[in-house]
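Subject: Structure handover

Hello,

Here is the structure for you to look through. Please open it first, then read my notes below.

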Amino acid sequence: MILVENLTKLYGTRIAVDNVSFEIKKGEVVGFLGPNGAGKSTTMRMLTGFLSPTAGRVQIGDHDMAEAPLEAKQLLGYLPETPPLYHEMTVRDYLDFVGQLKGLNAQARKQRIDFVLEKCFLTDRTRQLIGTLSKGYKQRVGIAQALVHNPPLLILDEPTSGLDPQQIIQIRALIKELAVDHTIILSTHILPEVQTTCSRVLIINGGKLVAEGSAEQLEAQLQGSMRIAMSVRAPEAALLARLSEFPQLRDVSLKADAGTGLVQAELSVPPGVDPREQLSQMVVSAGWGLVEIKNVNLSLEEIFLKVTTQEAPAVAASKEASHV
């Protein structure tokens, strides 16, 4: 659906985006993340044709953005961080205007406007001037304009900005619904939002793409092992002795609570090794109480911090691994 090759943007001598390449297939919902100043917004503007790259290319569907910009832009809907709204127009008139710009005839415009008004929860605001809307409603109008011509590719920059918690839940549900027959690039600073809606993430830092893959893939690349946490009602020394019988266990640490008699154990194992069943059997056969045993996963926030703060060689290695 979208192919990006060696995308680069210079402002004078400053490199804002540095040789970024990736591909997003039809039907994917991909989170595009990066700290402030990382080159994320510049990249998104080049993807939409708003900015011309210094080098590299963007292909939307079968169309090169530089060679066939109108055809490429017909395939995408774009919600910038600040939606492009005309405050003196009503919601419906504005969406009708956008539909005309996108080449929809009168019948198609009415059908699509009715559809996006309902999907974006705007049916009770159709005749209201945009300038009198709250920030949350303006954001929903911005999403509606990106959808009005039913593009196969949606590029959404901070789509839940300014929304209240209930509206955020509604928009997340809408994004999941749209993912059935749309390809979506979602940029946001709310990382749990990405974790709940996206199948894959791209992380940019210092103008470079530093990580790419699912949260699970990135975690495996960064940790190099699986972490396991256990809560066992057992004598601490005896538990440590039994755990030492498992040669695949690494970095075993125990913390006992004298009040409850529970021992909290944390350990790691090599990738592809899952000893939880054997550990459970060991605890039960020893006559101890197994309260809990589980994998301990890195959150997307932890992954984000690791790949945007570690040294450049380690970041590069993480990116290389993501293509394996």
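The protein exposes about 15,700 Å², and carbon and sulfur atoms supply 52% of that area. Accessible areas come from the Shrake-Rupley method with a 1.4 Å probe; for residues, only the protein chains shown count as cover.

Some ground rules. This is a predicted model: local features need pLDDT of at least 70, side-chain atom pairs count only at pLDDT 80 or more, and totals for chains, interfaces and linings use all residues. Residues are numbered from 1 along each chain as its sequence is written, and side-chain values use heavy atoms, with hydrogens and water left out.

**Overall picture**

The C-alpha trace spans about 75 × 45 × 30 Å along its principal axes. The protein has 12 helices and 14 strands. These are DSSP runs, numbered from the N terminus: helices are H or I with at least four residues, strands are E with at least two. Of the 324 residues, 45% are buried. Buried means under 20% relative accessible area, exposed means over 50%, and partly exposed is in between (1.4 Å probe, protein chains only). Take the contacts with a separation of 6 or more: residues 24 or more positions apart account for 69% of them. A contact means heavy atoms within 4.5 Å.

**Confidence**

pLDDT is the predictor's confidence in each residue, from 0 to 100. The protein averages 86, and 93% of the residues score at least 70. Where is confidence lowest, and where is it highest? Helix α12 (residues 312-321) is lowest, at a mean of 39, while α3 is highest, at 96. Over residues 311-324 the pLDDT is below 50. That stretch has 13 contacts in the model beyond near neighbours in sequence. Where pLDDT is low, the predicted coordinates should not be read in detail.

**The largest pocket**

The largest pocket holds about 740 Å³ of space. On a 1 Å grid over the protein atoms alone, a pocket is an open set of points where a 1.4 Å probe fits, with protein on both sides within 12 Å along at least five of seven lines; lining residues have an atom within 4 Å of a point. Grid points are joined across faces, edges and corners, and the volume is the space filled by probe spheres set on the points.

There are 25 lining residues, and the closest to the pocket's centre are Phe50, Tyr78, Pro84, Lys102 and Gln145. Elements giving two or more residues to the lining are α1 (40-47), α2 (69-74), β6 (76-79), α3 (91-101) and α5 (135-147). Which gives the most? It is α3, with four residues. By class, the lining has 12 nonpolar, eight polar and five charged residues. Ala, Val, Leu, Ile, Met, Phe, Trp, Tyr, Cys and Pro count as nonpolar, Asp, Glu, Lys and Arg as charged, and the others, Gly among them, as polar.

**Places to look at**

- Helix α1 is mostly covered, with six of its eight residues buried: Lys40, Thr42, Thr43, Met44, Met46 and Leu47. Glycine 49 follows α1 and has a positive phi, near 85 degrees.
- Asparagine 150 lies in the loop between α5 and β7 (153-157). Its phi is positive, near 55 degrees, though the residue is not a glycine. Asparagine 150 is partly exposed, because its relative accessible area is 39%.
- Glutamate 158 is in the loop between β7 and α6 (165-178). This non-glycine residue has a positive phi of about 55 degrees. Is glutamate 158 buried or exposed? At 8% relative accessibility, glutamate 158 counts as buried.

Best wishes
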